[in-house]
Amino acid sequence: MNEPEYKQADGAIAKLFVFNSAINFEMSKSVFGKTLRKDFSFEDGYIPLGHGSFGAIPNVVKQKQREYQDKSEAHPDRWNRFEMIPIIESNLGHLSRLIKCDAQDINFVSNSSEAASVILRSYPFKAGDKVLHYQTAYVNVNKALEFIRDQYGVQLVTVELKYPLEDQEILELTKQAIDREHAKLDEPKIKLAVIDAISAAPAVLFPYQAATKLVQENGILAMIDGAHSIGQIELDIKSLDPDFFFSNCHKWLMVPRGSCVLYVAKRNQGYIHPTTLTFAYKHHDDGFDTSTFKLEFIPPTIDTSNYMCVEEALKYRESLGGEEAIREYTHNIAVEGGALVAKMLGTQVLENSSKTLTASMVSIELPPFNTSLTDSEISSFIMKKLIYEHHTMAASYKNNGKWYTRLCGQVYVDLDDFEHAGKALLVILEELNKQ
Ligand SMILES: Cc1ncc(COP(=O)(O)O)c(C=O)c1O
């Protein structure tokens, strides 16, 4: 078979690996794993298991970004006035094909925290409007919700989730909250719901498609926090039809930090304005007024080279076999690695009976420990030891009264990397018992 070729930034020609749809995990181990770390800029000895937080870019992407930065310096006026925007738009085009939406409905912002603030701070809430969210939402998103509560008098309806949960249980808890609030006939109904695609802590895949449908059927706008989703799970925005969606490209898609795609359904575009207002700002009474959505998000003077690297990141990912092959490997290695670490620790992975909670990040229960440290001191103690003494990283957090740690599968990790984290955690927990 003639495999397609791919020209790397250094001029070398690489073969594209072509996978069958039913990819064999064992076979994929010859493509993926720690040998790929040479394609990245990690320092020697670093075991990268925590990239769900900040991601990592291959050297070819880093080189591409530097090229764009050099072009900007070579002729700042030509670049910023004429050449930069078409390249950003072309990269948005690549993203729109990847997540299946109209390129006219997406813009770049720096990160998911900004995307959440853009939506929540610009939507025309009235005092008393209710917003439904889960206590497991990301802290910066919950803080943006606190802001609109304090500033505009929005009321927050919080659904508590105690994992492990079946998808159906999450949906039932959501339905109960909606029914309870909507039965209060003299109070405003819930206006918007904040739904994770994948939550960060605990690291679990959320039934976001069914939750979107459920809230929309009840007349509620669906804002999907997909911070971890692009590059980790398959997305189809057209069939999901959320009101708002955003995803970092720097976490799982290998695009430089910070880059986040913000999708707004045409029916809401008139309401949404960037955090930094510019020449294109215009008030619209009608959400359907799409006339300034693209223009308003043209960034004022910042380094936009990160936004221009989607195409190069996708090319690199194609050279490894493409999105489906990457998803298969990163999921399987997270499941296998999570099981190994749980066995080493004598605990279990955070999963439900239908095994829907693990995408490519796995939450592993920590064994009980005895310490006088506070929760935030425990989390920081484990993190510092992992980073400075064991050259790796795993975020640790409490859920439903138990401690968990989060390990991330990625194209450049192997099973023995998880073993390294397991050994490190055993040593650290021993030390924690003495604190
Ligand atoms: C679920 C979720 N939402 C939002 C964010 C915020 O992302 P950023 O730090 O890029 O703003 C994160 C970050 O980890 C997250 O996990």
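Here are some questions and answers about the predicted model shown above.

User: How far can I trust this chain, and what is its mean pLDDT?
Analyst: This is a predicted model, where local features need pLDDT of at least 70, side-chain atom pairs count only at pLDDT 80 or more, and totals for chains, interfaces and linings use all residues. Residues are numbered from 1 along each chain as its sequence is written. pLDDT is the predictor's confidence in each residue, from 0 to 100. Here 95% of the residues reach 70 or more, and the mean pLDDT is 94.

User: Which elements give two or more residues to the shell around the ligand?
Analyst: The ligand is surrounded by 15 residues, with Asn111, Ser113, Tyr138, Ala200 and Ala227 the closest. "Near" here means that the C-beta atom, placed from the backbone, lies within 6 Å of the molecule. Elements are DSSP runs numbered from the N terminus: helices are H or I with at least four residues, strands are E with at least two. The ones you want are α4 (112-122) and α5 (139-152).

User: How many residues of that shell are charged?
Analyst: Asp, Glu, Lys and Arg count as charged, while Ala, Val, Leu, Ile, Met, Phe, Trp, Tyr, Cys and Pro are nonpolar and the others, Gly among them, are polar. The shell has four nonpolar and nine polar residues, and the number of charged ones is two.

User: Which strands stand at the edges of the seven-strand sheet?
Analyst: The sheet is open and mixed, with the order β3-β11-β10-β9-β6-β4-β5. Two strands pair if DSSP finds at least two bridges between them. An edge strand has a single partner, so one of its sides is left without a neighbour in the sheet; that goes for β3 (106-109) and β5 (155-159).

User: At what angle does helix α6 run to β5?
Analyst: Axes are lines fitted to C-alpha atoms, for helices over the stretch in contact, and angles run from 0 to 180 degrees between N-to-C directions. Helix α6 (residues 167-182) lies across β4 (130-134), β5 and β6, and its angle to β5 is about 145°.

User: What about the three-strand sheet: which residue in β14 does Ser363 stand opposite?
Analyst: This open sheet has the order β12-β14-β13 and antiparallel pairing. Five bridges link β12 with strand β14 (residues 402-408). Across from Ser363 you'll find Arg406.

User: Which helix packs on that sheet?
Analyst: The helix touches β12 and β14, and its direction makes about 10° with that of β12. It is α11 (residues 323-345).

User: Where does the cis bond between Tyr163 and Pro164 sit?
Analyst: Most peptide bonds are trans. The bond joining Tyr163 and Pro164 is cis, with omega about 10°. Pro164 lies in the loop between β5 and α6.

User: What is the phi of Lys355?
Analyst: Most residues other than glycine have a negative phi. Lys355, in the loop between α11 and β12, has a positive value, near 55°.

How values were computed. Two residues are in contact if their C-beta atoms, placed from the backbone, lie within 7 Å.
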